[in-house]
Amino acid sequence: MLEPPPQAPRQRIPKDGAGPRGRPDCYYTSRVLNSTFRYVKFVKKLRALEDEQRKGDENKLKELKDKQYSDFFIRCDRRSLINDVARRVDLCMQSYQQDLKEKRKRLADLLSVEEEANIRKVVEQAQAGTDALWQDKKDRLAYLLAKRQKEHEERYKDTPLLVINNYK
């Protein structure tokens, strides 16, 4: 009988590494695995896991896009709110500056009127003071004249000239 030709040695099957679906997975070393019910079940489970992961990735991507969109619109809303607030602040500052100008003008007018009144008072006091000074000088002069007259009368009361003066 003829001997069968020598067969090439079989390749060693790795125990781990990239699996049949391209992901790191564990190889089964059984050669009959392809034809078993367990293998079909295993492949279905793998495909279901892959589908779940793919759907999860898609959902995550959708959620990320939705979050980016909502963040963008929230930012836009925030920007418009900030711009509105800035515009209102500018308008308020303008009206505040106008009010300040009006109040300063009013205050300057009031101060000028008060200053005029004070100047009038000072002038009147100065005039009254000069009048009072003049009156004080006249009173002092009259007092001194009266005193001198009295001293003169007392000094010369014994002389007959004084008597003659009194009879005039």
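Which side chain meets Asp84 in a salt bridge? In this predicted model, the partner is Arg87, with 2.9 Å from N to O.

**The Asp84 pair**
- Asp84 and Arg87 both sit in helix H1, three residues apart, which is about one turn of the helix.
- Asp84 is partly exposed at 28% relative accessible area, and Arg87 is partly exposed too, at 48%.

**A network of salt bridges**
- Glu58 and Arg54 are four residues apart in helix H1, so about one helical turn separates them.
- Glu58 has a relative accessibility of 41% and counts as partly exposed; Arg54, at 40%, is also partly exposed.

**The Asp71 pair and the total**
- Asp71 forms a salt bridge with Lys67, and their closest N and O atoms are 3.7 Å apart.
- About one helical turn lies between Asp71 and Lys67, because they are four residues apart in helix H1.
- Asp71 is partly exposed, with 29% relative accessibility.
- The count for the model comes to five salt bridges.

**A positive patch**
- Arg140, Lys147, Arg148 and Arg155 form a positive surface patch.
- Arg148 counts as exposed because its relative accessibility is 60%, and the cut-off for exposed is over 50%.

Conventions:
Residues numbered from 1 in each chain as written. Predicted model: local features only at pLDDT ≥ 70, side-chain atom pairs only at ≥ 80, totals over all residues. Heavy atoms only, no water. Patch = residues over 30% accessible without salt bridge, like charges linked within 9 Å, V, L, I, M, F, W, Y side chains within 5 Å. Areas by Shrake-Rupley, 256 points an atom, 1.4 Å probe, with all protein chains shown as cover. Salt bridge = Lys/Arg side-chain N within 4 Å of Asp/Glu carboxyl O. Lys, Arg positive; Asp, Glu negative; His and termini not counted. Charge placed at Lys NZ, Arg CZ, Asp CG, Glu CD. Buried < 20%, exposed > 50% of the residue type's maximum accessible area, 1.4 Å probe, protein only. Helix = DSSP H or I, 4+ residues; strand = E, 2+ residues; numbered from the N terminus.
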